[in-house]
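Please read these notes alongside the sequence and the model. They take up a few local features in turn.

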Amino acid sequence: MATRKQLETTGHNVSNVNTEGYSRQRVELSTATPVGRGNHVMGTGVRVQAVKRIHDRLIQEKLNESTTNFKYAEERDLQLYQIEDVYNEVDMDGFSSTLSKFFNSWRELANQPENETVRSIVREDAKVLINDIRDIRSRLGEIKHHIDRKIERSVED
């Protein structure tokens, strides 16, 4: 039976020699339990312990490490893209622009402290800045919650 399994495995290896991604298999045998009769011990042959795939452990470890690094970079890229989208710095309505308008209105107020119109512009720019900060905080909170849920699901899996 053990020899038959070895021949089957050899046939399998030969028939898949040109199959891309296939790695050779080997039958591992172990000694079967001997039988004792009186002062004599009789061997009972061998038994098939396992059929194992032959592969290079170093290459497998490097592949695992590379896959892990790739998945880390891919996930990080996705999360950073979402955060970048929150700050919306591509167009002129981003947080940086709002912050600049706010400080520019303060500079204008410093030059014309008695001008009521400039004061109202400062108040309006402050309201817009506050709303932007609240919106950013909310969206970052949603992203954080999404990441936390993703981690929880991964840990559960």
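1. Helices here are DSSP runs of H or I with at least four residues, numbered from the N terminus. On that basis Asn13 sits in helix H1, which covers residues 2-15. The model is a predicted one.

2. Is Asn13 buried or exposed? Its relative accessibility is 13%, and the cut-off for buried is under 20%, so Asn13 counts as buried. Leaving aside residues up to four places away in sequence, Asn13 touches Tyr22, Arg24 and Gln25. With Tyr22 there is also a polar contact between the two side chains, at 2.7 Å.

3. Helix H2 spans residues 57-87, 31 residues in total. From first C-alpha to last, H2 reaches 45 Å, close to the 45 Å expected at 1.5 Å a residue. The N-terminal end of H2 is capped by Asp56, with a side-chain oxygen 3.1 Å from the backbone nitrogen of Leu58.

4. A nonpolar patch on the surface is formed by Leu29, Val46, Val48 and Val51; together they have about 270 Å² of accessible area. Strand S4 (residues 46-53) supplies the largest share of this patch, three residues. Leu29 belongs to strand S1, residues 25-31. Leu29 counts as partly exposed because its relative accessibility is 34%, a value between the 20% and 50% limits.

5. Ile121 lies in helix H4, residues 116-156. Its relative accessibility of 40% is why Ile121 counts as partly exposed. The C-alpha atom of Ile121 is 8.8 Å from that of Phe102, with the two residues 19 apart along the chain.

Note on methods:
Residues are numbered from 1 along each chain as its sequence is written. This is a predicted model: local features need pLDDT of at least 70, side-chain atom pairs count only at pLDDT 80 or more; totals for chains, interfaces and linings use all residues. Side-chain values use heavy atoms; hydrogens and water are left out. Helices (H or I, at least four residues) and strands (E, at least two) are DSSP runs, numbered from the N terminus. The expected span of a helix is 1.5 Å times one less than its number of residues. A polar contact is a pair of N or O atoms within 3.5 Å; within protein, one must be able to donate a hydrogen and the other to accept it, and residues adjacent in sequence count only if both atoms are side-chain atoms. Buried means under 20% relative accessible area, exposed over 50%, partly exposed in between (1.4 Å probe, protein chains only). Contact means heavy atoms within 4.5 Å. Patches are made of residues with over 30% relative accessible area and no salt bridge: like charges are joined within 9 Å, nonpolar side chains (Val, Leu, Ile, Met, Phe, Trp, Tyr) within 5 Å. Accessible areas come from the Shrake-Rupley method with a 1.4 Å probe; for residues, only the protein chains shown count as cover. A salt bridge is a side-chain nitrogen of Lys or Arg within 4 Å of a carboxyl oxygen of Asp or Glu.
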